[in-house]
Structure formats: structure tokens, C-alpha cells
Amino acid sequence: MTVTGLALAVPTGSQALAALNPAVLKSLHLDSATLKKVQAYDRYRTREASQREGASRALRFARKQIGKPYRWGAEGPGGYDCSGLAMASWRKAGVKLPRVTHAQYRQVKRKVALKNLKPGDLIFFRGRNHVGLYVGNGRYLHAPNTGARVRIDKLSAQRKKQFAGAVRPGAPAYKEWSPSVKELVEKIDRMSADKRAANKPPDKERAPQIPPPADTLPKSPDTFPDHSPADDQAEADAPPGRPGTTKPDDSAAQPSRGDALPEETKPEPRPRYKAKPASRSPRHARHDSDSWEKYVGPVDALTAPGHVPH
């Protein structure tokens with residue numbers, strides 16, 4: 001940056017899209033005159049963007065000085081006068097300004113009207129004998145006078161009457177650009193964005209059309225068990241000898257009732273239960289001579305369920 005506040009070099013990260021995409025410019029087959037205009041406007045808007053970033057840095061520094069005392073001829077850090085505060089703030093943004101107010105107004109080429117003020121602009125009062133930094137919303141930050149401290153004040157009607165001009169440090173001199181050039185650069189921006197999206201490397205994740213690995217596929221039906229874990233638990237909890245609690249594998253493999261079981265699988269013998277005769281009313285007295293064994297069979301034939309005869 002120079003004392004005029006004009007940028008001589010553009011930071012790499014602030015380059016405009018048109019300057020970064022020569023392939024897009026070539027595809028449009030622009031004539032030499034149009035190409036020069038596009039490139040000139042690209043440099044202009046790039047410097048404008050860089051100036052806005054610098055204005056933010058200058059204001060951040062100036063806000064941190066609020067409350068420090070006014071000292072005539074001081075440039076900080078313990079105190080400031082009005083032009084010393086403006087110079088120190090923009091120095092933090094990389095812009096070198098002269099020391100006194102009149103020189104600051106003369107050297108910065110970008111002049112600004114009161115209605116067009118933006119944050120970071122230097123605003124002058126009383127024949128340019130006093131200066132402050134515009135912060136937005138009709139307010140400005142300055143070192144007022146002896147005995148006062150750095151503060152933010154409102155642009156009152158009286159202050160507006162004392163207005164003596166404003167400048168925008170770090171910005172290029174204002175120039176009017178034709179709408180056709182602006183529209184053409186915006187088109188180049190869109191084409192450049194589409195080109196970057198098309199050249200974006202693929203996602204590291206698996207593409208949908210690629211089949212999943214074999215170890216993640218579900219097992220085929222022939223590998224499924226023929227019974228569920230619930231069946232195993234029900235079979236383990238069921239008492240021995242109760243019908244329907246186990247699933248027969250094959251009728252040919254099941255031993256018949258008369259076959260002898262191996263010693264280790266032979267069920268424990270269960271105690272025999274004697275059947276009790278049913279209670280009879282007196283009107284059944286005619287059956288007194290009949291024995292109930294005649295209907296149910298001999299007692300020795302009654303066994304508990306699951307009994308295997310010897």
C-alpha cells in the first residue's frame with residue numbers, strides 16, 4: 001500500500017474468479033478490447049473486496065482504543081489525537097497514511113459523499129481540522145479533544161453542518177463500469193463455479209453403483225437355522241416327557257415305546273398314582289355291586305404320563 005491508500009498488489013486469496021479461470025475466458029472467444037475491459041473490472045472489484053477487509057481490521061483496532069485519553073500529537077498506544085488514531089487504525093490494515101488531517105484527505109484518492117459513507121471511511125469536520133472513523137448507523141469513532149477520551153458519537157445535525165469531506169483508504173479511485181461488462185464478469189463467475197464443481201474429486205465414500213463387499217451381503221436362505229433361538233429356549237425349559245415340547249427330527253430315527261433306551265438317556269421312573277373313584281350320589285346305588293375297576297381297568301395298569309413299560 002502507498003500513502004495514497006491505493007493497493008499496488010492483490011493478496012492471493014482475494015483474486016477474482018475471472019483472473020483465476022483463463023480457460024473460461026478462452027472458451028468465450030472474446031475480442032481483445034472486451035477482454036481488457038473484463039480483466040480491468042476484475043482487478044477493480046478485487047481491490048474493492050480487499051479494501052472492505054482492511055476496513056474491518058482498522059475498525060477492530062479503533063474500537064479497542066475506546067476509553068484512552070486524548071493527547072495532542074500522540075499516536076498511541078497510551079493516548080491519541082484525532083489524526084493519530086486514524087493513522088494507527090489503518091496502519092493495522094496495511095495502509096500507510098500521512099500524519100495530519102489535511103494530508104490524509106489529499107493523499108487518499110477515493111473521495112466519498114456523506115450519503116455514501118461505509119464503515120472504515122475517514123470523515124472530516126471543521127475545515128478538515130478534525131477526523132474520525134465512520135462505524136455505521138450514523139455514528140463515528142474519534143478522539144474528541146483535550147480532556148476527553150476516545151469514544152463513539154452520533155452524527156448529529158450540528159456535526160453534519162461541519163462535514164468537510166470523507167475518503168476511503170485502501171480503495172481504488174472510483175470508476176463507472178458499463179452494465180454489459182459487469183454482466184459478462186458475473187457470467188464468467190458462474191461458469192467458473194460450474195467448472196470447479198465438475199472438477200471436484202469424487203467422494204471417498206463408496207459410490208451407489210458399486211456393489212457392496214461380499215462379507216456384507218446377507219446369508220442365503222439355506223444357511224438359516226431350521227428353528228429360532230426361542231424354540232431352543234422353550235425346549236430347554238420344558239419338563240421331560242411332556243408331549244409336544246421337542247421337535248422330532250425323523251420318524252424313522254425315533255425309538256418305539258417298546259425299545260430300550262440307552263442308560264444315559266433313560267428317563268427317571270415316576271411314582272405311580274392311584275385313581276380315586278368318582279363320588280356317587282345315592283341314586284347311583286344300583287351300581288354298588290359293580291366295581292369301578294371294571295370301567296377303568298386294574299390299578300396296576302395306571303401309570304404316570306410318559307411311563308415306558310418294562
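## A tour from the H3/H4 crossing

Start with H3 and H4: their axes come within 7 Å and cross at roughly 125° (axes are lines fitted to C-alpha atoms, for helices over the stretch in contact, with angles from 0 to 180 degrees between N-to-C directions). That makes H3 oblique to H4, oblique being whatever is left after under 35 degrees (roughly parallel), over 145 (roughly antiparallel) and 65 to 115 (roughly perpendicular).

Before you click on, this is a predicted model, where local features need pLDDT of at least 70 and side-chain atom pairs pLDDT 80 or more, while totals for chains, interfaces and linings use all residues. Numbering runs from 1 along each chain as its sequence is written, and side-chain values use heavy atoms, leaving out hydrogens and water.

Next, select Gln51, Gly54, Ala55, Ala58, Phe61 and Ala62 in H3; they meet Ala88, Ser89 and Trp90 in H4 (contact: heavy atoms within 4.5 Å).

Stay on Trp90. Leaving aside neighbours within four places in sequence, Trp90 also touches Val95, Leu97, Gly120, Leu122, Leu133 and Pro169, among others.

Now show the largest nonpolar core, 28 residues, where Trp90, Leu97, Leu122, Phe124 and Leu133 have the most contacts inside it. Such a core is a set of buried Ala, Val, Leu, Ile, Met, Phe, Trp, Tyr and Cys residues joined through side-chain atoms within 4.5 Å, with buried meaning under 20% relative accessible area (1.4 Å probe, protein chains only). Color helices H3 (32–64) and H4 (82–91) plus strands S2 (122–125), S3 (130–136) and S6 (163–167): these elements each give two or more residues to this core. H4 gives the most, six.

Apart from that core lies another, of 10 residues, including Leu25, Leu184, Val185 and Ile188.

Finally, zoom out: buried residues make up 30% of the 310 in the protein.

Terms used: Buried < 20%, exposed > 50% of the residue type's maximum accessible area, 1.4 Å probe, protein only. Helix = DSSP H or I, 4+ residues; strand = E, 2+ residues; numbered from the N terminus.
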